Amino acid sequence: METISTRRSNCEIFTGSSAIRMRAAEVAFRQSYPAFENTSLLDELREREYARLDEQGHLYLDYTGGSLYAESQLREHLELLRRHVFGNPHSSNPTSRAMTELDEQARASVFEFFHASPDEYFIIFTPNASGALKLLGEAYPFTPGGHYLLTVDNHNSVNGIREFARAKGAAISYLPIMLPDLRVAEQELFSALEQAREDSHHLFAYPAQSNFSGVQHPLEWIEVAQARGWDVLVDCASFVTTNRLDLSRWHPDFVPISFYKMFGYPTGVGCLLARKAALAKLCRPWFGGGTIWGSSVQGDGYVFAEGEIAFEDGTINYLQLPAVEIGLKHLTAIDMEMIHERVMCLTAWLLEQLLSLRHCNGATLVQVYGPHDTDRRGATIALNFLTPDGRIVDERVVEQRANKHKLSLRTGCLCNPGATEAAFQQSKAALLRIYQQAERRSWKQFLAVVGDWDQLLTEVGMQSGGAVRISLGLVTNFADAYRFLQFAQTFLDTFPIESDILPRPHC
Ligand SMILES: Cc1ncc(COP(=O)(O)O)c(C=O)c1O
């Protein structure tokens, strides 16, 4: 237990008796979760590389939103830029060649990190996971007779692909998720997968880890769907933050990723890992600089370049790509298994503690959406605080209070409207009523048509606009979890009042 008493705790927030209570809680936690001891290197790493968190008293719990970067990542990247002269990689001059070499090195490091074989996969660099998804959606050969099947639990950028499917006349169907765990009923999935016709293309999309509930949907579905003629898109954007994705074990056709969610820096770079056989089916709706071998104005034609090059529009974010390699090296040096172990110990403890909180009248304080234990889930928890009479505390009130505590969390529907609708049991009829009026309007125009949004939500029986999400990551420590628990306790036996809160967007 030496590690507890000698280490500088996260900020000097806990002093005197509160520090003693925190230490006692940590001792009990470590006794219940002995595996946590094996992750103490991460405490040292936090002190060394992420000291700004504690120096400034931040409680950062939005790792699904974006991970945090180590100081050495910045140093190494900036030093590299400082020492060299780099040009646009689209040429063969010396500065261009130097850049191309480093960018290809970055691509090789992505292959290596995910154990993806260059014989099987292409890696297409994109601005982010959404960019990867759009690239796929616009080029996927949807036709009448084809099908886009997706889980209700999906990020909006996966939902958005349905508009490409719709425009091309393909069928669109959603697989529901069930309360209380917010998982898919597998029998429904298996019967939906039987519907693939041989003469058209079928795409099945789901997240490896929900960005709403943290549920991990089975990677075993990949083979099941492929065996029935489906191409499989597994959105790994939130999964890879604290889990190892091994593409020598799993072989999804398409995997979108945003690197800042893994190691914080750089932003503006993501990728689409695409199986070569699946990528060959795609049909790009345009060509642009960098994607073609040649084109002609008078000849009115163009010839695409080979492989990933045909999908990397314009100039890639070339100066940032070496920082991707640096970030992956950083994670490799830490070991993803250690990060996973740590966040799952803390998630288990937090779930247990939060779910045991009671108001004086015995009513529960916290409603957790999704699994209440760590079975097949990640380190993301969606919840709401409840008043002693069982009403949901407006998530905007929670956010306001969190801001005052320097606590960074997320609220709302978290870009995952399907999971939110399922969690809050929002009715299809009500949502149809709202969104049939919403189509292709700006928010302002929409409000002019539907009137007061909050009132509308109440009218259609929606209890709340959204959830509160906390997500743990790379350098979360016990003190962070403890501090969040203390924050939660400030809602005990209270009826928080809404003041100065902004109107709530839906999603
Ligand atoms: C599961 C999931 N998919 C896709 C995305 C989109 O990522 P980006 O905003 O980086 O494009 C996110 C972002 O939070 C996500 O959590």
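**Aromatic rings**

Phe263 has a relative accessibility of 0% and therefore counts as buried. The model is a predicted one, and in it Phe263 forms an aromatic pair with Phe259, with 6.0 Å from centre to centre and 20 degrees between the planes. This pair is classed as stacked, because planes under 30 degrees apart fall into that class.

A pair of aromatic rings is described by the distance of the centres and the angle of the planes. A search of the whole structure on this basis finds 24 aromatic pairs. One of them joins Phe29 and Tyr33, whose centres are 5.4 Å apart and whose planes are at 35 degrees, which is a tilted arrangement. Phe29 is buried, because its relative accessibility is 0%, and Tyr33, with a relative accessible area of 15%, is buried because the cut-off for that class is under 20%. Phe29 and Tyr33 also belong to a cluster linked by ring pairs, which includes Phe36, Trp349, Phe478 and Tyr482.

As for charged side chains, two placements over rings can be described. Arg244 lies over the face of Phe113, at a distance of 5.0 Å from the ring centre. The charged end of Lys276, in turn, is placed over the ring of Phe122, at 4.8 Å from the centre of that ring.

Terms used
Residues numbered from 1 in each chain as written. Predicted model: local features only at pLDDT ≥ 70, side-chain atom pairs only at ≥ 80, totals over all residues. Heavy atoms only, no water. Phe/Tyr/Trp six-rings, centres within 6.5 Å; stacked < 30°, edge-to-face > 60°. Buried < 20%, exposed > 50% of the residue type's maximum accessible area, 1.4 Å probe, protein only. Lys NZ or Arg CZ within 6 Å of the ring centre and 35° of its normal.
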